[in-house]
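Subject: Structure handover

Dear colleague,

Please find the structure below. My notes on it follow.

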Amino acid sequence: MNKRLWMALPIAAAATTLQAQSWRESAVRFAPQSASYNIKTPINEKVSETAFPFFVMVPILPSLRIDVGTAFAMARHERQVADSTGAFTTSTSELSGMTDTQIRANYSMGQDLIVFTAGVNLPTGSSTVKPGELDAATRIGSDFLSFPISGFGSGFGMTGGFAIAKPAGAWNLGFAASMRYASEYEPFKDAAGVATKFQPGPEVRTRIGIDHALGEGRISFGFTYSKFGDDKANAATFNTGDRFIGQIVVNSALKSGVDYTVAVWNLFRSSGTLINQSASPSANITNALMAFGLRGPWGIGVEPSVEARVFTQQNARTSFVSNLGMRFVYNRGQWAVVPGFGFSLGQLETATVTGFRSTLAVRVGY
(Lines give C-alpha, C1' and ligand atoms only; values in the text may rest on other atoms or scores of the structure.)
Protein backbone atom coordinates (compact mmCIF):
# COMPACT_ATOMS: atom_id res chain seq x y z
CA MET A 1 0.00 0.00 0.00
CA ASN A 2 1.33 3.41 -0.95
CA LYS A 3 1.26 5.81 1.97
CA ARG A 4 0.56 8.86 -0.20
CA LEU A 5 -2.86 7.36 -0.86
CA TRP A 6 -4.40 7.41 2.59
CA MET A 7 -2.67 9.64 5.10
CA ALA A 8 -5.49 12.16 5.43
CA LEU A 9 -8.07 10.43 7.63
CA PRO A 10 -11.64 11.74 7.73
CA ILE A 11 -12.83 14.02 10.49
CA ALA A 12 -16.40 15.03 11.13
CA ALA A 13 -16.93 18.63 10.07
CA ALA A 14 -18.33 21.01 12.68
CA ALA A 15 -20.01 24.34 11.90
CA THR A 16 -18.32 26.85 14.16
CA THR A 17 -18.07 30.61 14.20
CA LEU A 18 -14.98 31.96 12.50
CA GLN A 19 -12.95 34.23 14.74
CA ALA A 20 -11.33 37.36 13.35
CA GLN A 21 -7.63 36.68 12.79
CA SER A 22 -4.58 38.54 11.55
CA TRP A 23 -0.95 37.72 10.87
CA ARG A 24 -0.19 38.62 14.51
CA GLU A 25 -1.98 35.41 15.49
CA SER A 26 0.37 33.23 13.44
CA ALA A 27 1.62 29.99 14.94
CA VAL A 28 4.84 28.01 14.59
CA ARG A 29 5.05 24.30 15.37
CA PHE A 30 8.23 22.28 15.63
CA ALA A 31 8.00 18.55 16.38
CA PRO A 32 11.18 16.41 16.41
CA GLN A 33 10.29 12.72 16.29
CA SER A 34 12.22 9.47 16.39
CA ALA A 35 11.04 5.91 15.74
CA SER A 36 12.94 2.63 15.57
CA TYR A 37 11.91 -1.01 15.12
CA ASN A 38 13.78 -4.29 15.56
CA ILE A 39 12.43 -7.06 13.32
CA LYS A 40 13.63 -10.49 14.44
CA THR A 41 13.14 -14.19 13.65
CA PRO A 42 13.31 -15.27 10.90
CA ILE A 43 14.81 -12.01 9.60
CA ASN A 44 17.18 -9.76 11.51
CA GLU A 45 16.63 -6.09 10.69
CA LYS A 46 16.66 -2.74 12.44
CA VAL A 47 15.09 0.33 10.89
CA SER A 48 15.05 3.79 12.43
CA GLU A 49 14.11 7.32 11.47
CA THR A 50 14.53 10.76 13.04
CA ALA A 51 12.56 13.65 11.62
CA PHE A 52 12.31 17.38 12.31
CA PRO A 53 8.96 18.62 10.94
CA PHE A 54 8.37 22.38 10.88
CA PHE A 55 5.01 24.11 10.31
CA VAL A 56 3.97 27.76 10.04
CA MET A 57 0.30 28.85 10.07
CA VAL A 58 -0.39 32.46 9.05
CA PRO A 59 -3.87 34.07 9.00
CA ILE A 60 -3.70 36.54 6.11
CA LEU A 61 -7.29 37.78 6.42
CA PRO A 62 -10.13 36.91 8.80
CA SER A 63 -11.25 34.31 6.25
CA LEU A 64 -7.91 33.31 4.65
CA ARG A 65 -5.14 31.24 6.20
CA ILE A 66 -1.86 29.95 4.72
CA ASP A 67 -0.10 26.85 6.09
CA VAL A 68 3.46 25.87 5.17
CA GLY A 69 5.13 22.64 6.25
CA THR A 70 8.37 20.81 5.55
CA ALA A 71 10.84 18.57 7.39
CA PHE A 72 14.38 17.26 7.56
CA ALA A 73 14.65 13.50 8.10
CA MET A 74 17.24 10.75 8.47
CA ALA A 75 16.47 7.04 7.98
CA ARG A 76 18.70 4.02 8.50
CA HIS A 77 18.18 0.32 7.79
CA GLU A 78 20.45 -2.49 8.97
CA ARG A 79 20.20 -6.17 8.00
CA GLN A 80 22.29 -9.02 9.39
CA VAL A 81 22.86 -11.96 7.04
CA ALA A 82 24.64 -15.23 7.86
CA ASP A 83 27.21 -16.52 5.34
CA SER A 84 28.08 -20.15 4.63
CA THR A 85 30.29 -20.34 7.73
CA GLY A 86 27.58 -19.04 10.04
CA ALA A 87 29.25 -15.66 10.52
CA PHE A 88 27.02 -12.59 10.33
CA THR A 89 27.63 -9.61 8.09
CA THR A 90 25.69 -6.35 8.32
CA SER A 91 24.44 -4.39 5.33
CA THR A 92 23.42 -0.76 5.83
CA SER A 93 21.08 1.50 3.88
CA GLU A 94 20.74 5.21 4.73
CA LEU A 95 18.63 8.08 3.49
CA SER A 96 18.65 11.70 4.66
CA GLY A 97 17.72 15.20 3.55
CA MET A 98 14.87 17.68 3.25
CA THR A 99 11.38 16.53 2.37
CA ASP A 100 8.95 18.17 -0.01
CA THR A 101 7.37 21.45 1.09
CA GLN A 102 3.59 21.65 1.26
CA ILE A 103 1.75 24.97 1.02
CA ARG A 104 -1.99 25.13 1.63
CA ALA A 105 -4.48 27.97 1.57
CA ASN A 106 -7.89 27.80 3.28
CA TYR A 107 -10.60 30.34 2.49
CA SER A 108 -13.78 30.32 4.59
CA MET A 109 -17.18 31.72 3.69
CA GLY A 110 -20.33 32.14 5.75
CA GLN A 111 -18.85 31.53 9.22
CA ASP A 112 -17.12 28.32 8.06
CA LEU A 113 -20.21 27.13 6.18
CA ILE A 114 -18.02 26.62 3.10
CA VAL A 115 -14.22 26.24 3.12
CA PHE A 116 -12.20 26.21 -0.12
CA THR A 117 -8.74 24.63 -0.05
CA ALA A 118 -5.88 24.82 -2.53
CA GLY A 119 -2.47 23.29 -2.03
CA VAL A 120 0.80 22.64 -3.82
CA ASN A 121 3.54 20.13 -3.15
CA LEU A 122 6.91 21.70 -3.95
CA PRO A 123 9.67 19.14 -4.78
CA THR A 124 12.24 20.40 -2.26
CA GLY A 125 12.99 16.82 -1.21
CA SER A 126 14.75 14.18 -3.27
CA SER A 127 12.18 12.02 -5.06
CA THR A 128 14.80 9.64 -6.50
CA VAL A 129 16.06 6.68 -4.45
CA LYS A 130 19.44 5.15 -5.27
CA PRO A 131 20.29 1.45 -4.80
CA GLY A 132 22.06 2.07 -1.48
CA GLU A 133 18.99 3.89 -0.15
CA LEU A 134 16.33 1.45 -1.34
CA ASP A 135 16.01 -0.71 1.80
CA ALA A 136 15.64 2.32 4.08
CA ALA A 137 13.14 3.99 1.74
CA THR A 138 11.06 0.80 1.45
CA ARG A 139 10.78 0.21 5.20
CA ILE A 140 9.82 3.77 6.19
CA GLY A 141 7.10 3.68 3.53
CA SER A 142 5.32 0.88 5.41
CA ASP A 143 1.67 1.51 6.25
CA PHE A 144 1.84 -1.02 9.07
CA LEU A 145 4.87 0.33 10.96
CA SER A 146 4.34 4.04 11.59
CA PHE A 147 7.29 6.32 10.83
CA PRO A 148 7.31 10.13 11.13
CA ILE A 149 8.06 10.62 7.41
CA SER A 150 6.98 7.95 4.90
CA GLY A 151 8.72 9.46 1.86
CA PHE A 152 11.16 12.29 1.17
CA GLY A 153 9.81 13.45 -2.18
CA SER A 154 7.12 12.80 -4.77
CA GLY A 155 7.52 15.58 -7.34
CA PHE A 156 5.31 18.59 -7.97
CA GLY A 157 1.64 18.19 -7.12
CA MET A 158 -1.54 20.24 -6.79
CA THR A 159 -4.69 19.70 -4.73
CA GLY A 160 -7.96 21.60 -4.76
CA GLY A 161 -11.17 21.02 -2.87
CA PHE A 162 -14.01 22.32 -0.75
CA ALA A 163 -15.86 21.42 2.44
CA ILE A 164 -19.37 22.27 3.61
CA ALA A 165 -20.54 22.10 7.22
CA LYS A 166 -24.00 22.85 8.56
CA PRO A 167 -25.83 22.30 11.85
CA ALA A 168 -28.83 19.96 11.68
CA GLY A 169 -30.57 20.08 15.03
CA ALA A 170 -28.19 18.72 17.66
CA TRP A 171 -25.84 17.34 14.99
CA ASN A 172 -23.27 18.90 12.68
CA LEU A 173 -23.12 17.54 9.16
CA GLY A 174 -20.18 17.88 6.81
CA PHE A 175 -19.21 16.98 3.25
CA ALA A 176 -15.91 17.50 1.47
CA ALA A 177 -14.45 16.71 -1.93
CA SER A 178 -10.98 17.20 -3.38
CA MET A 179 -8.83 16.27 -6.36
CA ARG A 180 -5.08 15.75 -6.45
CA TYR A 181 -2.78 15.82 -9.47
CA ALA A 182 0.93 14.98 -9.36
CA SER A 183 3.52 15.42 -12.08
CA GLU A 184 5.91 12.75 -13.33
CA TYR A 185 9.03 12.08 -11.30
CA GLU A 186 11.84 9.50 -11.04
CA PRO A 187 11.40 7.33 -7.92
CA PHE A 188 14.43 5.07 -8.54
CA LYS A 189 17.78 5.19 -10.30
CA ASP A 190 19.87 2.02 -10.63
CA ALA A 191 23.64 1.66 -10.27
CA ALA A 192 24.12 2.39 -13.97
CA GLY A 193 22.25 5.68 -13.61
CA VAL A 194 19.12 4.50 -15.46
CA ALA A 195 16.04 6.10 -13.94
CA THR A 196 12.50 4.78 -13.64
CA LYS A 197 9.93 7.37 -14.68
CA PHE A 198 6.70 7.33 -12.67
CA GLN A 199 3.48 9.19 -13.40
CA PRO A 200 1.02 8.93 -10.47
CA GLY A 201 -2.63 8.68 -11.33
CA PRO A 202 -4.98 11.47 -10.22
CA GLU A 203 -6.87 11.05 -6.96
CA VAL A 204 -10.46 12.07 -6.28
CA ARG A 205 -11.49 12.01 -2.62
CA THR A 206 -14.88 12.52 -0.98
CA ARG A 207 -15.66 12.68 2.74
CA ILE A 208 -18.79 12.78 4.83
CA GLY A 209 -18.91 13.33 8.56
CA ILE A 210 -21.28 13.97 11.45
CA ASP A 211 -20.67 14.90 15.05
CA HIS A 212 -22.69 15.53 18.18
CA ALA A 213 -22.04 16.89 21.66
CA LEU A 214 -21.32 14.22 24.28
CA GLY A 215 -21.00 15.49 27.85
CA GLU A 216 -18.08 17.92 27.78
CA GLY A 217 -16.81 16.51 24.49
CA ARG A 218 -18.08 15.13 21.19
CA ILE A 219 -18.74 11.93 19.28
CA SER A 220 -18.00 11.94 15.55
CA PHE A 221 -18.32 9.57 12.61
CA GLY A 222 -16.54 9.91 9.28
CA PHE A 223 -16.23 8.05 6.01
CA THR A 224 -13.77 8.74 3.17
CA TYR A 225 -13.66 7.24 -0.31
CA SER A 226 -10.60 7.75 -2.55
CA LYS A 227 -10.64 6.87 -6.24
CA PHE A 228 -7.32 6.60 -8.05
CA GLY A 229 -6.50 6.73 -11.72
CA ASP A 230 -3.91 4.44 -13.31
CA ASP A 231 -0.24 4.89 -12.43
CA LYS A 232 2.40 4.62 -15.15
CA ALA A 233 5.99 3.47 -14.74
CA ASN A 234 8.01 3.75 -17.96
CA ALA A 235 5.80 1.89 -20.47
CA ALA A 236 3.78 -0.07 -17.90
CA THR A 237 0.35 0.83 -16.51
CA PHE A 238 -1.03 -0.39 -13.18
CA ASN A 239 -3.45 0.59 -10.42
CA THR A 240 -3.08 0.43 -6.64
CA GLY A 241 -6.81 0.07 -5.91
CA ASP A 242 -9.28 2.40 -4.22
CA ARG A 243 -9.43 3.27 -0.51
CA PHE A 244 -12.38 3.16 1.90
CA ILE A 245 -11.82 4.66 5.36
CA GLY A 246 -14.26 4.68 8.27
CA GLN A 247 -13.60 6.45 11.56
CA ILE A 248 -15.27 6.87 14.96
CA VAL A 249 -13.93 9.27 17.61
CA VAL A 250 -15.35 9.79 21.09
CA ASN A 251 -13.92 12.28 23.57
CA SER A 252 -15.36 13.57 26.81
CA ALA A 253 -14.58 13.98 30.52
CA LEU A 254 -14.82 11.32 33.21
CA LYS A 255 -14.67 13.99 35.89
CA SER A 256 -13.08 17.34 36.48
CA GLY A 257 -9.47 17.25 35.30
CA VAL A 258 -9.77 13.80 33.69
CA ASP A 259 -10.79 13.34 30.05
CA TYR A 260 -10.60 10.48 27.58
CA THR A 261 -10.46 9.79 23.85
CA VAL A 262 -11.42 6.61 22.01
CA ALA A 263 -10.63 6.52 18.29
CA VAL A 264 -11.17 3.62 15.89
CA TRP A 265 -10.50 3.67 12.16
CA ASN A 266 -10.46 1.08 9.43
CA LEU A 267 -8.87 1.36 6.00
CA PHE A 268 -9.70 -1.10 3.22
CA ARG A 269 -7.75 -1.07 -0.04
CA SER A 270 -9.51 -2.82 -2.88
CA SER A 271 -7.72 -5.05 -5.36
CA GLY A 272 -5.93 -3.24 -8.16
CA THR A 273 -3.77 -4.35 -11.09
CA LEU A 274 -0.05 -5.12 -11.16
CA ILE A 275 2.35 -4.22 -13.95
CA ASN A 276 1.72 -7.62 -15.59
CA GLN A 277 -2.04 -6.82 -15.43
CA SER A 278 -2.77 -9.54 -12.88
CA ALA A 279 -4.85 -8.61 -9.82
CA SER A 280 -3.02 -7.09 -6.86
CA PRO A 281 -4.04 -8.31 -3.38
CA SER A 282 -6.54 -6.32 -1.34
CA ALA A 283 -5.54 -5.24 2.17
CA ASN A 284 -7.09 -3.96 5.38
CA ILE A 285 -5.80 -2.03 8.40
CA THR A 286 -7.78 -1.64 11.63
CA ASN A 287 -6.49 0.71 14.34
CA ALA A 288 -7.92 1.38 17.82
CA LEU A 289 -6.64 3.96 20.33
CA MET A 290 -7.64 4.82 23.89
CA ALA A 291 -6.02 7.78 25.63
CA PHE A 292 -6.61 9.57 28.92
CA GLY A 293 -5.76 13.14 29.87
CA LEU A 294 -5.02 14.03 33.48
CA ARG A 295 -5.05 17.83 33.79
CA GLY A 296 -3.32 19.55 36.66
CA PRO A 297 -2.67 23.20 37.62
CA TRP A 298 -0.46 25.63 35.64
CA GLY A 299 -1.29 23.99 32.30
CA ILE A 300 0.43 20.71 33.18
CA GLY A 301 -1.01 17.36 32.10
CA VAL A 302 -0.22 13.68 31.59
CA GLU A 303 -1.68 11.60 28.73
CA PRO A 304 -1.19 7.80 28.84
CA SER A 305 -2.45 5.81 25.83
CA VAL A 306 -2.76 2.29 24.45
CA GLU A 307 -3.12 1.51 20.75
CA ALA A 308 -3.51 -1.65 18.66
CA ARG A 309 -3.20 -2.16 14.90
CA VAL A 310 -3.99 -5.20 12.74
CA PHE A 311 -2.95 -5.56 9.09
CA THR A 312 -4.34 -8.25 6.80
CA GLN A 313 -3.63 -8.85 3.13
CA GLN A 314 -4.62 -11.52 0.65
CA ASN A 315 -2.14 -14.41 0.49
CA ALA A 316 -0.20 -13.14 3.51
CA ARG A 317 -0.18 -13.76 7.24
CA THR A 318 -1.84 -11.32 9.59
CA SER A 319 0.42 -8.69 11.17
CA PHE A 320 -0.34 -6.87 14.41
CA VAL A 321 1.32 -4.40 16.76
CA SER A 322 0.40 -2.82 20.10
CA ASN A 323 1.69 0.53 21.32
CA LEU A 324 1.92 1.89 24.85
CA GLY A 325 2.48 5.63 25.02
CA MET A 326 2.85 8.51 27.45
CA ARG A 327 2.78 12.25 26.77
CA PHE A 328 3.47 15.13 29.13
CA VAL A 329 1.77 18.45 28.42
CA TYR A 330 2.80 21.96 29.40
CA ASN A 331 0.37 24.49 27.93
CA ARG A 332 0.69 28.18 28.78
CA GLY A 333 -1.40 30.20 26.36
CA GLN A 334 0.73 30.92 23.32
CA TRP A 335 3.31 28.34 24.40
CA ALA A 336 2.91 24.57 24.50
CA VAL A 337 5.56 21.88 24.99
CA VAL A 338 4.54 18.22 24.69
CA PRO A 339 7.26 15.54 25.08
CA GLY A 340 6.26 11.90 24.72
CA PHE A 341 7.48 8.37 24.22
CA GLY A 342 6.05 4.96 23.32
CA PHE A 343 6.92 1.27 23.15
CA SER A 344 5.69 -1.18 20.50
CA LEU A 345 5.42 -4.97 20.47
CA GLY A 346 3.97 -7.12 17.70
CA GLN A 347 4.44 -9.42 14.75
CA LEU A 348 5.13 -8.69 11.07
CA GLU A 349 3.78 -11.86 9.43
CA THR A 350 6.17 -14.45 10.97
CA ALA A 351 8.74 -11.99 12.36
CA THR A 352 8.63 -10.50 15.86
CA VAL A 353 8.70 -6.71 16.14
CA THR A 354 9.70 -4.42 18.99
CA GLY A 355 9.93 -0.65 18.72
CA PHE A 356 10.43 2.62 20.53
CA ARG A 357 9.44 6.17 19.62
CA SER A 358 9.87 9.61 21.13
CA THR A 359 8.47 13.03 20.27
CA LEU A 360 8.87 16.64 21.36
CA ALA A 361 6.16 18.92 20.03
CA VAL A 362 6.56 22.68 20.53
CA ARG A 363 3.96 25.30 19.63
CA VAL A 364 4.42 29.06 19.61
CA GLY A 365 1.22 31.03 18.99
CA TYR A 366 -2.38 29.91 18.84
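Is F268 buried, partly exposed or exposed, by its relative accessibility? F268 counts as partly exposed, at 34% relative accessibility; buried means under 20% relative accessible area, exposed over 50%, and partly exposed in between, with a 1.4 Å probe and protein chains only.

This is a predicted model, in which local features need pLDDT of at least 70 and side-chain atom pairs count only at pLDDT 80 or more, while totals for chains, interfaces and linings use all residues. Residues are numbered from 1 along each chain as its sequence is written, and side-chain values use heavy atoms, with hydrogens and water left out.

Aromatic pairs

Rings of Phe, Tyr and Trp (its six-membered ring) are paired if their centres lie within 6.5 Å; planes under 30 degrees apart count as stacked, over 60 as edge-to-face and the rest as tilted. The count by this rule is 8 aromatic pairs. One of them is the tilted pair of Y225 and F244, at 5.0 Å centre to centre with 40° between the planes. Y225 belongs to strand β13 (residues 217–228) and F244 to strand β16 (residues 243–255), so this pair ties together parts that are 19 residues apart in sequence. Strands (E, at least two residues) are DSSP runs, numbered from the N terminus. Y225 is partly exposed, with a relative accessible area of 25%, and F244 is partly exposed at 31%.

F244 also forms a tilted pair with F268, at 6.3 Å centre to centre and 40° between the planes. This pair links distant parts of the chain, with F244 in strand β16 and F268 in strand β17 (residues 258–269), 24 residues apart. Elsewhere, Y185, F198 and F238 make up one aromatic cluster.

Nonpolar patch

F244 and F268 are also among the members of a nonpolar patch on the surface, together with Y107, M109, L113, F116, F162, I164, F175, I208 and F223. The accessible area of the patch is about 920 Å², by the Shrake-Rupley method with a 1.4 Å probe, where only the protein chains shown count as cover for residues. Like charges are joined within 9 Å, and nonpolar side chains (Val, Leu, Ile, Met, Phe, Trp, Tyr) within 5 Å. Strands β6 (101–109) and β8 (157–168) are the elements that give two or more residues to the patch.

Sheet and hairpins

An open sheet is formed by 4 strands in the order β10-β11-β14-β15, with antiparallel pairing; two strands pair if DSSP finds at least two bridges between them. Its edge strands, each pairing on one side only, are β10 (185–189) and β15 (236–238). Between β10 and strand β11 (residues 195–199), which run antiparallel, there are 3 bridges. F188 has T196 in β11 as its bridge partner.

Strand β19 (residues 300–313) runs antiparallel to strand β20 (residues 319–332), and 12 bridges join them. Here E307 stands opposite N323 in β20. The hairpin of β19 and β20 has 5 residues between the strands, and N315 takes a positive phi near 65° in it. A further 11 bridges join β20 to strand β21 (residues 335–348), again antiparallel, with N331 opposite A336 in β21. In the hairpin of β20 and β21, with 2 residues between the strands, G333 takes a positive phi near 70°.

Regards

Note on methods: Patch = residues over 30% accessible without salt bridge, like charges linked within 9 Å, V, L, I, M, F, W, Y side chains within 5 Å. Salt bridge = Lys/Arg side-chain N within 4 Å of Asp/Glu carboxyl O.
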